[in-house]
Amino acid sequence: MVDRVFDDYCMSGDKRVPCCVMYVPPAFIAYVIIWFISSIWTVFTLLEVRVFVIGGTMAQWYFAPSSEAVTCNANLGRTLKHAICNNFGSIAFAGAVMTLCNALRQLARKARDDGGILGCILACILMCIVRFIEWLTKLTTISVAVTGEHFLASGKRTLTVQTYNNPILINSM
């Protein structure tokens, strides 16, 4: 039984014995941080795959000729193939944007809880920006599913369409 601890040695009765000391190298901490961010990014990427597949399947069903009897399984399989093969980079980028939005949302909540009235005002502004980016990212993911363009070109087109067709968005900018 250990009675006292001195530096890296313990005293057991009259004898001085080495203690078990756990050393965590700095590289391990960096790996844990990278693993944590990668895990969150993976979750948001999978959620964007879901948005892509639903949007692509609905677009294929809607734009199919009325004479062509297309089954839901064929549309779903085709869209899932596009999500995993052709457009996975765009979906992963959308997942990264959503991960960043999640981090900003957590930052806004911390500012709201700890910052008093100024923190609440900053949190409100930051949450409005985050919600707009999330909304634009979802619409862009659906646009990628429909058109097959890459994410940035599709995002530019989505923002142009929304500002042209949505007078509320134009007046709020």
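## Contacts and overall layout

Of the contacts in the protein chain with a separation of 6 or more, 52% come from residues 24 or more positions apart, a contact being heavy atoms within 4.5 Å. This is a predicted model, so local features need pLDDT of at least 70 and side-chain atom pairs count only at pLDDT 80 or more, while totals for chains, interfaces and linings use all residues. Residues are numbered from 1 along each chain as its sequence is written, and side-chain values use heavy atoms, with hydrogens and water left out.

The protein chain has 6 helices and 3 strands; these are DSSP runs numbered from the N terminus, with helices being H or I of at least four residues and strands E of at least two. Reading along the sequence gives β-β-β-α-α-α-α-α-α. Out of 173 residues in the protein chain, 27% are buried. Buried means under 20% relative accessible area, exposed means over 50%, and partly exposed is in between (1.4 Å probe, protein chains only).

## The nonpolar core

Which residues make up the largest nonpolar core? There are 9 residues in all: Val49, Phe52, Val53, Ala83, Ile91, Ala94, Val144, Ala145 and Phe151. Such a core is a set of buried Ala, Val, Leu, Ile, Met, Phe, Trp, Tyr and Cys residues joined through side-chain atoms within 4.5 Å. Helices H1 (26-63), H3 (88-114) and H4 (116-147) are the elements giving two or more residues to this core, and H1 gives the most, with 3 residues.

Leaving out residues up to four places away in sequence, valine 53 touches Leu76, Thr79, Leu80 and Ala83. Threonine 45 is found in helix H1 and is buried, at a relative accessible area of 7%. With that sequence cut-off again, threonine 45 touches Phe88, Ile91, Ala92 and Gly95.

Two packed helices are described by the angle between their axes and the distance between the axes. The axes are lines fitted to C-alpha atoms, for helices over the stretch in contact, and angles run from 0 to 180 degrees between N-to-C directions. Angles under 35 degrees count as roughly parallel, over 145 as roughly antiparallel, 65 to 115 as roughly perpendicular and the rest as oblique.

H3 and H4 pack at about 165 degrees, axes 8 Å apart, so they are roughly antiparallel. Their contact has 15 nonpolar, 5 polar and 6 charged residues. For these classes, Ala, Val, Leu, Ile, Met, Phe, Trp, Tyr, Cys and Pro are nonpolar, Asp, Glu, Lys and Arg are charged, and the others, Gly among them, are polar. H1 and H4 sit at about 50 degrees with axes 8 Å apart, which makes H1 oblique to H4. The contact of H1 with H4 splits into 8 nonpolar, 4 polar and 2 charged residues.

## H4 meets H5

H4 and H5 pack at an angle of about 115 degrees, with axes 8 Å apart, so they are roughly perpendicular. Among the residues in contact are Phe132, Trp135 and Leu136 of H4, and Phe151, Ser154 and Gly155 of H5. By class, this contact has 7 nonpolar, 9 polar and no charged residues.

Helix H5 (residues 151-165) also holds alanine 153. Is alanine 153 buried or partly exposed? Alanine 153 is partly exposed, because its relative accessible area is 28%.
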